[in-house]
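I opened this notebook to keep a record of what I looked up, residue by residue and element by element. The entries follow the order in which I asked.

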Amino acid sequence: MRKIAIGLVLTVAFVMISLTLVGKSLPRATGPADSNAATKAAGEDAFAAVVTVTRVAPADFIETVVASGSLIAREEILVGPEVEGLRVVEALADEGARVKKGDVLARLVADTLDAQLAQNEAAIARTVAAIAQAKASIVQAEARLVESRNAYERAKPLHTAGHMTEAVFDQRRQTAQTAEAQLAASQDGLKVAEAEKAQVEAQRRELNWRRGRVEVTAPADGIISRRMARVGGYAAGAGEPMFRIVAKSEIELDAEVTEVRMPLLKEGQKARVDVAGLGQVEGTVRLVSPEVDKSTRLGRVRIFLGDNPALRVGSFARGVIVTANGNGLAVPSSAILYGADGPTVQVVRDNRVVTTKIKTGLAAGAIVEVRSGLSEGDLVVSRSGTFLREGDAVRPVLVGGSTKLSEAR
């Protein structure tokens, strides 16, 4: 019983001390009504939540889209032999070499083609001789035809008068017909010889063309990114190319972007590309793919970087594309609540929470542009949440004691 009595005494003493301290913290009132209001306000302030607020202030906005990928050639040229099956005897260009259009990159062996050209020359000589023989045969056939026709014409009146037997007359007539057939055969022989000559000449033109292609040349200016040609190997036109050339030495970033950001991209937009091990390089959006991968939900964009000797095909790079810029009132993105009625912020007015609808604009890092609903100097709860409701009493604490928002990059 003694312990209970001591406990009651201590409790009463604690309550009296608390009331005394609260009474000292209340302002002096000039009347009974003012005293009651002040007492109520002081009680509410004592239990008000402390919240961090940010002052609405103007800021510059640069809206960006992040894209990452690898460096590739803007246009890659595959250089292969125009003549297949020949051995490589010289490889004159190596990886990393800058070449001009027409420069010799490699040479192929030409001995086989030289032998074929010699055979072709002999075939041409043979066809020329055949044509000469056919022409001579035609002359002889024409002479025999004239002679046989004359003999046949002289035999006609003799046969009619009965001075020539039927057998002799038939023989002269057959001789004339045979001479006509021989002339036709000689003329056909000439045509065959001329056709053979044309065929051999066509083969020669092909051989000359192949002989002129034993030097593999660069089809355009650029830089050699890879060389597969090896001395002693055989050139195969349908297989792996002998050289890969970056046309005009122009490099670009082949990057991926999330599908929700793809509509913001357009050709000609400026970009800053951070290349691994090199630093930032300026670029321009050259191509925005019209297709989104249905499995990854990513789209592709090509950022042109130009001719830069420091860039390496295959390097990883990350691009930041500027899609829009402007100036307006800014609030932290964490201060915005998104609901069925649209975006809202919690504004602190007279130490009370007021939920306000807003219209957002550009976004730049950790800040968002507010186009309507707020005024410069308004205090908004920096990190809104469901624990605060309309009309709640709060004790605001300004972030950093400063009214300026810096763009987070």
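Is arginine 297 buried, partly exposed or exposed? I found that arginine 297 is partly exposed, because its relative accessible area is 39%, where under 20% is buried, over 50% is exposed and partly exposed lies in between, with a 1.4 Å probe and protein chains only.

Before going on I noted the ground rules: this is a predicted model, in which local features need pLDDT of at least 70 and side-chain atom pairs count only at pLDDT 80 or more, while totals for chains, interfaces and linings use all residues. Residues are numbered from 1 along each chain as its sequence is written, and side-chain values use heavy atoms, with hydrogens and water left out.

I placed arginine 297 in the loop between strand 12 (279–292) and strand 13 (298–306), taking strands as DSSP runs of E with at least two residues and helices as runs of H or I with at least four, numbered from the N terminus. Its phi is near 60°, a positive value in a residue other than glycine. I then looked up serine 249, which also is not a glycine and has a positive phi of about 60°. Serine 249 sits in the loop between strand 9 and strand 10 (251–258), and it counts as buried because its relative accessibility is 6%.

**Entry: the chain as a whole**

I recorded four helices and 21 strands for the chain. Of its 409 residues, 32% are buried. Taking contact to mean heavy atoms within 4.5 Å, I noted that residues 24 or more positions apart account for 75% of the contacts with a separation of 6 or more.

**Entry: asparagine 120**

I found asparagine 120 in helix 3 (residues 111–161), where it counts as buried because its relative accessibility is 4%. What does its side chain reach at 2.9 Å? The side chain of asparagine 120 reaches the backbone oxygen of valine 200 at that distance. With residues up to four places away in sequence not counted, asparagine 120 touches Val200, Gln203, Arg204 and Leu207.

I traced an open sheet of four strands in the order 3-9-8-5, with antiparallel pairing; two strands count as paired if DSSP finds at least two bridges between them. Strand 3 and strand 5 (98–99) are the edge strands, each pairing on one side only. Strand 3 (residues 76–79) is joined by four bridges to strand 9 (residues 243–247), and the two run antiparallel, with isoleucine 77 opposite isoleucine 245.

Which residues make up the covered face of strand 3? I listed Ile77 and Val79 on the covered face, and Glu76 and Leu78 on the uncovered one. In a regular strand the side chains alternate between the two faces of the sheet.

**Entry: strand 19 and its two partners**

I saw that strand 14 (residues 316–332) and strand 19 (residues 367–372) pair in the antiparallel sense over four bridges, and that strand 18 (residues 359–364) and strand 19 likewise pair antiparallel over four bridges. Valine 370 of strand 19 is the bridge partner of leucine 329, and threonine 360 also stands opposite valine 370. In the hairpin of strand 18 and strand 19, two residues lie between the strands, and glycine 365 takes a positive phi near 65°.

I also looked at threonine 323, found in strand 14, which counts as buried because its relative accessibility is 19%. Leaving aside neighbours within four places in sequence, threonine 323 is in contact with Glu63, Thr64, Val65, Leu264, Leu265 and Gln269.

Methods: A polar contact is a pair of N or O atoms within 3.5 Å; within protein, one must be able to donate a hydrogen and the other to accept it, and residues adjacent in sequence count only if both atoms are side-chain atoms.
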